[in-house]
Amino acid sequence: MTGAGGRPPRVDVSVVASGHNVADARLHRVCVALLRAGMSVELHGLGDADGSPAGLTRVVTRARGGFARRAGSASWLPWRVAGTVVCVVDPDLVPSALVASRVRRRSLVVDVHEDYLALLRDRPWSATRRAVASALVRLSTLLAARADLTVVADDHVPPMQARHRLVVRNVPDRSYLPLPGPPEQRPRAVYIGDVRRSRGLETMLEAVSGAPDWTLDIIGEVSTSDQAWLDDWMRASPASSRVRVHGRLPPITAWELAAGAWAGLVLLDDTPAFRRAVPSKLFEYLASGLAVVATPLPRVAEIVTSSNAGCLVRDATEAAQVLNAWSAEPADLHRARAAAAAWAAAQEQTRSPYDDLALELAALVRAHHPLSGLGTGTNPNPMEDQGGHTRVAERRRRRARRAR
């Protein structure tokens, strides 16, 4: 794409990932908010460019590689992006991005959307690889505090002190979620997110095995360390015909598959990374009007209990008992679904925290280009096509018609 006189168009913000797919939901929420504020945005990440948000100035994708290949790309990527503001979303990018931003006189934003040090304990890595990764995370966390803006996904996520620290929680973007509506005739559960055993893969498969009336849709990228295990399970288990593994999908497509499902699963292990977190899928299930089956992690348990939107279970056996009870007598399920939609509606904010993030980035762009006029909502509907309709709005209308 070129601008006037054959020059490349100016890019206000480059969103850069070394390990995230361009279909990642948080990347979508960030990019769409920036577009909504009138900024031009390029996205660098993994996967297929078709999975990226509509309306971006440029999308550059790479295939997922090994540890060494990722380290190499993290070192050079921040030097090759075009944005006046560079927003990096993976810790291995931070050291190079900080140097590049100072040399190239760009503004740097670091999005720390998980407690990475705690998350490392959830990975089945060798001692050497874990030690290297831990050292890098500690260094990146220290350097992230020196960015022009440090974004964290929750109050407990480090760094706790920074030049300018902004909490942007993983609240849902309702534009890609299905409207709450009646469930399908046959019981169906969904899981949307990273797919690995620590996030409940084995537990949910065992639960569905013990609930013969139910089917399960698993939507998300399967971790490399668990792919062989999942393949073996799919070949050997009599329940495999009731399980569909879809892989990574863009948020709109993923959540279209959730429309009509009975329940969403949040069966995470009790690990240091998950104990203090609230997975975004929990909020998204509730906003979609799905009943929830979850393991009793403290903050998850608090929401499920206070909303009356589902059940807490300790293991696959208890999860299967809940599913069997709901299919045998759906009245409790319907009450949980109604409570989920009511709780989500009561929590809905008039303004997304991602819009607050966009205003902060617009201010950084204006510092470089004072006459840009950004941050005033100059592009309120970034997904609008030439016919004057949006893909999101049209899909929501179709869902509403199906619900009627």
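User: Which residues make the nonpolar surface patch of about 280 Å²?

Analyst: This is a predicted model. The nonpolar patch of about 280 Å² is formed by Trp-79, Val-99 and Val-103.

User: Is Val-103 buried or exposed?

Analyst: A residue counts as exposed when its relative accessible area is over 50%. Val-103 has 57% relative accessibility, so the residue is exposed.

User: Is Asp-217 buried or exposed?

Analyst: Asp-217 is placed in strand β9, residues 215-219. The cut-off for buried is under 20% relative accessible area. The relative accessible area of Asp-217 is 3%, so Asp-217 is buried.

User: Which side chain makes a polar contact of 2.8 Å with the side chain of Asp-217?

Analyst: Leaving out residues up to four places away in sequence, Asp-217 touches Arg-188, Ala-189, Val-190, Tyr-191, Arg-244 and His-246. The polar contact of 2.8 Å links the side chain of Asp-217 to that of Arg-188.

User: What is the omega of the peptide bond from Pro-158 to Pro-159?

Analyst: Pro-159 belongs to the loop between β6 (149-152) and β7 (165-167). The bond leading from Pro-158 into Pro-159 is cis, with omega near 5 degrees.

User: Where does Arg-105 lie, and what is its phi?

Analyst: Arg-105 is found in the loop between α3 and β5 (107-112). With 70% relative accessibility, Arg-105 is exposed. Arg-105 is not a glycine, yet its phi is positive, at about 60 degrees.

User: Is Asn-308 buried or exposed?

Analyst: Asn-308 occupies the loop between α11 (298-307) and β13 (310-312). Its phi is positive, near 60 degrees, in a residue other than glycine. Exposed requires over 50% relative accessible area. Asn-308 has 56%, so Asn-308 is exposed.

User: How many helices and strands are there in the protein, and what share of the residues is buried?

Analyst: The protein contains 15 helices and 13 strands. Of its 404 residues, the buried share is 51%.

User: What part of the accessible surface belongs to carbon and sulfur atoms?

Analyst: The accessible surface of the protein is about 17700 Å². The part belonging to carbon and sulfur atoms is 53%.

How values were computed:
Residues are numbered from 1 along each chain as its sequence is written. This is a predicted model: local features need pLDDT of at least 70, side-chain atom pairs count only at pLDDT 80 or more; totals for chains, interfaces and linings use all residues. Side-chain values use heavy atoms; hydrogens and water are left out. Patches are made of residues with over 30% relative accessible area and no salt bridge: like charges are joined within 9 Å, nonpolar side chains (Val, Leu, Ile, Met, Phe, Trp, Tyr) within 5 Å. Accessible areas come from the Shrake-Rupley method with a 1.4 Å probe; for residues, only the protein chains shown count as cover. A salt bridge is a side-chain nitrogen of Lys or Arg within 4 Å of a carboxyl oxygen of Asp or Glu. Buried means under 20% relative accessible area, exposed over 50%, partly exposed in between (1.4 Å probe, protein chains only). Helices (H or I, at least four residues) and strands (E, at least two) are DSSP runs, numbered from the N terminus. A polar contact is a pair of N or O atoms within 3.5 Å; within protein, one must be able to donate a hydrogen and the other to accept it, and residues adjacent in sequence count only if both atoms are side-chain atoms. Contact means heavy atoms within 4.5 Å.
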